[in-house]
Amino acid sequence: RLWELYTGIEAPAIPVLAEMELTGMKLDPVLLHDFTQQYETKMQSVLAELQSLGLSGTPSKDSDLRQFLFDELGLPVLVRTEKTLRSSVALDVLRRLLLLRDTLPAKSVRVLELLIEWSETEKAHNTFLSPYDSQGIDTIYSTISQTSTITGRLSSSPNIQNIPARGWRAEIRRMFVAPEGYELCDADLAQIEPRVLAHLSQDSRMLDDFRSGRDSYQSLGLDMGFLIEQLGKHSDLRTTIKIIYLADAYGTSPLKMQEIGIRLVNYMSLSEARSIQTGIRQVRPEFIAWRREIIERARRDGEVRDMFGRRRFVGGLHSIDPATRQATEREVSNFPEQSGAGGIIKGAMPAVHKLFKQVGGIGLIDQVHDELLGPVRKMTASDKEEFKRELIKRMTQVKLSVPLEVEVGYGSNWQEEKGG
């Protein structure tokens, strides 16, 4: 099956990816400059508040952060660097420290919030804004790799997928624009990973949800009705359930779920994360049984496969170290759906790329998560309907136990086409 994977998915994608690299994503130079200044102003504001709270030096310097966080504020050391054994101040460690907010002084909590804000803002500024604004560049050209991830999903540098889809930083999506006379078209395989999970696990409730056209996350929330009141304080209940649903599907611990919840929605306690995880397992027992089965199969065979035959060798399931065993179980759990979903999208790219050109477009310019993005000539409403029908046909060639759905959006920029 590996030869079929290569000839059916990987090889046909090569010329498409090459064209995507050469075409790049066009930038609006005025918006690029405006966003660069906004981010610099934001960073100056965050720095000033951090310094008013006692930080001497810069938050970009690890030695300054270590002294401030652990010596002056007395925060606990959670992780040490592998080579130097110094206390780590990496972004994920700062987020883990923030999970202790209920036990920390208000000043320490505010410092951690600001440091996380600084880190995320600085990364976007240094990756997508300042280098291009300072050189007057109006197009971002990414280097794309189809062999860098174990699941076969595409990776790129700079990685456009790192631009947030929500929050104030998502605004910089507006600077990615269509060329004159074109508009950007975004084709999104909706809820593709849960659909692959439903197909693989054959969980009857999940299958029924997708076959009936119900939103799987909202349906899960209704099934977990005893939690709805508890979660009512969160700004987006569906997002909260989606986070925990996918995190649990990937074998994530409640502590990690809590960290993800804090990043994407309002504050979530560890007890809430555990409650949601327990609720999911109570109302989706067939899915949980399937996950246990693939872990046991991987323990026996030493590998796990996706629906296209892609293999991942796993050796940590027999480790005497519990942390290694648990990490490997998570890898086994998330491989089939992540790799399967990636294969569906990558397999559709050549046909979609050709369709974009057939309607006078430039072709695909990027793949972001489960979305295919490219400029097309402006069309009438009736032409768009015909184009959408053909686009859906080409993106749903793989037949699952549940229907695949494609959401199509248009806009003059990347943010607009997604309804932003």
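Strand S3 (143-145), helix H14 (322-358) and strand S8 (366-368) are among the elements that cover the buried residues of H1. Contact here means heavy atoms within 4.5 Å. Helices (H or I, at least four residues) and strands (E, at least two) are DSSP runs, numbered from the N terminus. The model is predicted: local features need pLDDT of at least 70, side-chain atom pairs count only at pLDDT 80 or more, and totals for chains, interfaces and linings use all residues. Residues are numbered from 1 along each chain as its sequence is written, and side-chain values use heavy atoms, with hydrogens and water left out.

The buried residues of H1 are Leu5, Ile9, Glu10, Ala13, Val16, Leu17 and Met20. Buried means under 20% relative accessible area, exposed over 50%, and partly exposed in between (1.4 Å probe, protein chains only). An α-helix has 3.6 residues a turn, so residues three or four places apart point the same way.

H1 bends by about 35° at Ile14, and Pro15 follows within four residues. That bend is the angle between axes fitted to the seven residues ending there and the seven starting there. After H1 comes Gly24, with a positive phi near 75°.

| Residue | Helix | Relative accessible area |
|---|---|---|
| Ile14 | H1 (residues 2-23) | 42% |
| Asp34 | H2 (residues 29-52) | 32% |

Asp34 and Leu129 are 95 residues apart in sequence, yet 9.6 Å apart in space, C-alpha to C-alpha.
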